[in-house]
Each structure stands twice: as C-alpha cells, then as structure tokens.
Amino acid sequence: MINIYGITRKKLENYFLENGEKTFKALQVFEWLYQKREKNVDDWSNLKKEIRARLLEDYSFEMPRIVKKECDELTHKYLFELFDHNFIEAVVMFHDYGISVCVSSQIGCNMGCAFCESGRLKKVRNLETFEMVAQIILIEEEIKKRVSSVVIMGIGEPLDNYDHVMDFIDIINDSKGLQLGIRHITLSTSGLVPKIQDLMKRDIQINLAISLHAPNDEIRNKLMKVNKVYSISQLICSIKEYIEYTNRRVTIEYVMLKGINDSDDCAKELAILLKGMNVYVNLIPYNETNHLEFKKSTPKRIAKFCQILKEKGLNVTIRKEFGSKISAACGQLRSKEVER
C-alpha cells in the first residue's frame with residue numbers, strides 16, 4: 001500500500017480528480033499532515049467522512065520508528081527501523097543559525113568509497129519517499145523544534161534514487177508541506193554525471209554538493225569507484241555546465257585524509273583544477289572508524305591546505321566537526337546495529 005507521506009501535493013490532486021473530488025482537498029490533506037501534524041484521520045474535520053474512509057483504504061499512514069539515539073553537545077544521531085526491519089540513520093546538527101538534518105536516501109550504498117563506512121554494507125534497496133520524509137517529521141517530534149535546513153548526505157547516493165529523492169524535495173519544499181526553503185536543501189553526490197545533467201534540466205534552486213575528495217584521477221580512483229566510470233575531467237565538465245545553466249554556485253566537498261590527499265601538491269593541483277569556477281571548497285575533517293584504516297589529517301595540515309587554496313584565489317572553509325563523541329561517521333550507527 002502506498003504511504004501518504006510519500007505523495008506529492010500534485011499527485012494527491014490527481015488522486016482526488018480521479019475520484020470525482022476537487023483538487024483543493026489535497027491542500028486540506030497536506031495541512032493536516034504537515035501543518036497540524038494530526039495523525040488521526042478521524043479528526044480531519046473539514047473532510048467528509050466518505051473521503052476520510054477512502055484515504056484510509058487507499059493509503060498507509062504508518063511511520064518508521066526511532067530505535068536508538070546517540071547525543072553529544074551539538075549533535076544527535078538517530079537510528080530508524082523500517083517496516084522490513086532494515087535500519088537507516090539521520091543526524092541532527094545544532095548550529096548558531098539553526099538546526100540541520102542530514103538524511104539517508106538508501107539502505108546501504110553501492111558507491112563503495114574506500115573511506116566511507118556506509119559503503120561497507122552494500123545497498124539493500126532505495127528508500128521510498130515517505131521513509132525520507134519520516135526522518136524529518138520524527139526528528140522534529142523528538143526535539144520539539146523545527147528543522148531549518150536539510151542535507152541529503154546520509155547513507156546512500158541520492159542521485160541513484162533520483163525519482164524518490166525529487167518527490168522528497170517537492171514535499172519538504174511545499175508551502176503546505178514541511179515549508180523548507182529550496183535554498184535550505186542540499187543534495188550531495190559522488191558524481192553520477194548523467195543524473196547531474198538531469199538535475200540541471202529540472203532547474204530547481206537547491207544547493208548541489210560534489211564529493212570530489214581528490215585533485216586527480218590517480219588518487220580518486222583509489223578512493224572512489226565512481227571515478228572509474230566518470231573521470232574527474234567528465235565530472236568537472238558537468239559541474240561547469242550545471243553552473244552555467246542554473247547560475248548556482250556548487251560546493252566541492254573534500255575529506256582530509258592523512259597522507260592520502262592532504263599534501264601541499266594536492267592543494268596546488270586542486271586549485272588549478274577548480275580555477276575560475278563558481279565553487280567553494282568545503283574541507284572536511286575525517287571521522288575515523290574502527291573498520292577502516294584511514295586517518296584524519298592534523299589540524300595544522302588542514303590549515304595549511306586551506307591557506308594554499310585561499311592564496312590561489314579559491315573560496316574555502318573548514319567544516320566544523322560534529323559528533324566526535326558519538327558514532328559520527330556516515331553509516332556507523334547502522335553498521336553497529338546490523339553487525340550486532
């Protein structure tokens with residue numbers, strides 16, 4: 001049965017038309033689901049009893065459940081159990097400027113990035129749209145506060161689950177849905193070039209983040225399997241095309257791995273690669289895990305790398321570290337539970 005939390009307002013309007021009802025009924029349903037957060041359909045007083053009965057017959061209203069939580073001062077990490085007993089996770093980060101949630105888009109991941117805990121456990125399936133929406137709703141209920149931004153950067157490759165992720169963005173951006181501004185939504189991809197082009201043509205003003213993590217094919221081939229399919233030159237061409245078409249700046253994510261991609265030469269090569277592009281580089285201190293041999297670069301090395309990029313004219317920031325006292329690495333909490 002289709003879950004109501006995975007249906008966009010447009011699709012719900014079509015549903016009501018097919019059932020001989022006015023399209024504004026979809027607006028009323030969205031208001032109950034997302035504005036009033038009323039889960040008891042019997043209390044949807046402005047909808048006829050017959051309509052409520054049909055909705056209950058045609059849609060599921062069930063939600064996944066939170067089964068574990070780990071917290072430190074600025075970070076909460078949640079483990080969700082789905083109806084098929086698979087697990088996913090989401091991370092809440094408390095910033096000075098608001099609350100952001102990093103959501104998962106798949107159960108496991110087939111990208112196989114060497115430094116990533118998520119890729120150790122292969123993809124089981126794509127998440128349904130409602131399973132992504134539910135991560136935000138359940139977290140807001142748990143923390144009793146509104147989320148101000150969403151990052152699709154948890155377990156999975158979002159562009160490998162393109163249709164469900166696009167519906168998810170539609171629902172959370174909807175003025176009667178979760179009301180998140182489109183520019184407060186970030187999608188992170190490892191570099192699926194054809195899907196970046198599809199996203200470009202869709203022309204929605206989200207923030208696009210590219211997980212680059214290396215300045216050349218030699219290093220990136222060792223770190224990211226996707227580079228053997230879509231090389232850095234192909235990826236850079238698609239980013240340039242995306243920027244020109246959308247007139248949007250793109251974030252370049254670069255995880256700092258000790259002795260792998262953090263040398264002065266790597267910084268200089270990265271600066272040449274990105275020269276003249278409307279991008280900014282986000283240097284990410286690595287979250288170490290027990291299962292992977294990679295180590296994070298020292299603060300001194302990260303600072304020097306950052307300095308070189310700035311001297312070469314790039315916009316660059318060092319991401320603030322979150323979750324150092326908990327299972328912070330993407331996929332770490334899930335892998336612990338699966339192995340247990």
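**Entry 1: Glu 269**

I looked up the side chain of Glu 269 and found a polar contact of 3.0 Å with the side chain of Asn 216. For a polar contact I take a pair of N or O atoms within 3.5 Å; within protein, one must be able to donate a hydrogen and the other to accept it, and residues adjacent in sequence count only if both atoms are side-chain atoms. I note that this is a predicted model, where local features need pLDDT of at least 70 and side-chain atom pairs count only at pLDDT 80 or more, while totals for chains, interfaces and linings use all residues. Residues are numbered from 1 along each chain as its sequence is written, and side-chain values use heavy atoms, with hydrogens and water left out.

Glu 269 lies in helix 9; helices (H or I, at least four residues) and strands (E, at least two) are DSSP runs numbered from the N terminus. Leaving out residues up to four places away in sequence, I find Glu 269 touching Pro 215 and Asn 216, where contact means heavy atoms within 4.5 Å.

**Entry 2: helix 9 and helix 10**

I then followed helix 9 (residues 264–274), which packs against helix 10 at an angle of about 30 degrees, with the axes 9 Å apart. The axes are lines fitted to C-alpha atoms over the stretch in contact, and angles run from 0 to 180 degrees between N-to-C directions. The angle makes helix 9 roughly parallel to helix 10 (under 35 degrees is roughly parallel, over 145 roughly antiparallel, 65 to 115 roughly perpendicular, the rest oblique). Among the residues that meet, I list Leu 270 and Ala 271 in helix 9 and Phe 305 and Ile 308 in helix 10.

**Entry 3: helix 4 and helix 5**

I looked at helix 4 (residues 129–143) and helix 5 (residues 162–173), which pack at about 40 degrees with their axes 8 Å apart. That angle makes helix 4 oblique to helix 5. The contact includes Met 132 and Ile 136 of helix 4, and Phe 168 and Ile 171 of helix 5.

**Entry 4: Thr 289**

I found Thr 289 in the loop between strand 13 (279–285) and helix 10 (299–311). Thr 289 is buried, at 8% relative accessible area. The side chain of Thr 289 makes a polar contact of 3.1 Å with the side chain of Glu 117. A polar atom of the Thr 289 side chain also lies 3.4 Å from the backbone nitrogen of Leu 292.

Note on methods:
Buried means under 20% relative accessible area, exposed over 50%, partly exposed in between (1.4 Å probe, protein chains only).
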